[in-house]
Amino acid sequence: MPSFSKNLGIDLGTISTRIADSSGILMDEPTVVAIAIEEQKMVEFGKGARDMTGRVQTETIEVAHPLQNGVVADYEITEALLRYLLQHVSGPMRFFRPRVMITVPYGVTSVESRAVHEAVLQAGSRDAYLIQQPLAAALGVDLPISSPSGNMVICLGGGTTQAAVISMYGIVAAETMRSGGSLLDEAIVGYVRRKYGVIIGPGTAEQLKIRIGAAVPQDKEESLEVQGQDQVSGLPRPVTLTTGETVEALEEPLKHVIETCRRVLEKTPPELVSDIIDRGVALCGGGAMLRGADKLLTKALGIPAYLVDNPATCVVEGAVKGLGLYPILKRNLPPV
Ligand SMILES: Nc1ncnc2c1ncn2[C@@H]1O[C@H](COP(=O)(O)OP(=O)(O)OP(=O)(O)O)[C@@H](O)[C@H]1O
Ligand SMILES: [Mg+2]
């Protein structure tokens, strides 16, 4: 009998939620929800909700980020969000509820993974499976992980940083740091405050990072003026930052990323390390798009690191592929 159920991959990220089926990406929106406090009802999701941040009456509308550092921070909002998303992408689900593979960071606790599993089932999926994000990423960038050989991926997310070595569909060595791109934004906020006595918001810092930021010094030095607030007078004050200054600001948080990757390599059997040296390290996640991230990691690890073609979407694309491979993958997936 043919199955009429849709197969969906969901990447529930700290910053962005992405949904895909075998035809491609169906949705890519910020993981932000606006809730009418009195009715306890979700009134907006995604970009619309994100744009309300700091711009609405806090007594009537709460703008919530239900995921924190890759894991569910608010179960009820996450479930409501997943219900909305599933209905949005698969229409009324009375008859054909979707099969879902949803991602979790590597190494989450069983309580954390059960929360995601339960939420997606309650939200209306027929079957729900979990997959570790680095494994999904490796599938999403078509690394040859079906063979007994070493493949390394580094996922630089917004709220997590994950490094993993994968062989024969299994994670051989890995580590998750529960901080990601947001920590880089905070480092820029701190740098601007210390150097110029100006306070900027994390959103402004993120814009600086994305538009002129870099992990290593660049040939082309760029600059950007942003608005801040004088630390002493509290009055508005513009400040101009250069690419070189972002490199300085980001040095410290990027050291932690390097340390995490080094620890994973230390735990990796030598045969697999030699494969990784030949093949390179795949960089994925939104943070991998930071200029020079590949150069920095190549130098620090002594292994060529490269930016994949689909850094932001490879995890969700891999989750869809993972559904098709479920019979092979199942012994390596997180228990629920
Ligand atoms: N061009 C860019 N340069 C540097 N950083 C970027 C760029 N584009 C996006 N980012 C950063 O990528 C991060 C978001 O990445 P991503 O969408 O992979 O996170 P996520 O999947 O929601 O989070 P997580 O996987 O940690 O739960 C943010 O910190 C954002 O600032
Ligand atoms: Mg992610």
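Domain bounds here come from an automatic or database domain assignment. For this protein, that assignment gives domain 1 (7–31 + 66–135 + 316–332) and domain 2 (147–308). This is a predicted model: local features need pLDDT of at least 70, side-chain atom pairs count only at pLDDT 80 or more, and totals for chains, interfaces and linings use all residues. Residues are numbered from 1 along each chain as its sequence is written, while chains are lettered from A and ligands numbered from 1 in the order in which they are written.

**Overall form**

The protein has 11 helices and 18 strands. Both are DSSP runs, numbered from the N terminus: helices are H or I with at least four residues, strands are E with at least two. The radius of gyration, taken over C-alpha atoms, is compared with a globule rule of 2.2 Å times the number of residues to the power 0.38. The protein is as compact as a globular protein of its length, because its 21 Å is close to the 20 Å that the rule gives for 336 residues. Buried residues make up 48% of the 336. A residue is buried if 20 or more other C-beta atoms lie within 10 Å of its own, exposed if 12 or fewer, and partly exposed in between; C-beta atoms are placed from the backbone.

The centres of domain 1 and domain 2, taken over C-alpha atoms, are 26 Å apart. Their contact takes 16 residues from domain 1 and 17 residues from domain 2. Two residues are in contact if their C-beta atoms, placed from the backbone, lie within 7 Å. On the domain 1 side, helix 4 (133–140) and helix 11 (326–329) each give two or more residues.

**The ligand shell**

Ligand 1 has 21 residues around it, and G13, I15, G157, G181 and G286 come nearest. A residue is near a molecule if its C-beta atom, placed from the backbone, lies within 6 Å of it. Domain 1 and domain 2 both give residues to this shell, so it lies between them. Helix 6 supplies the largest share, three residues.

The table sorts two sets of residues by class.
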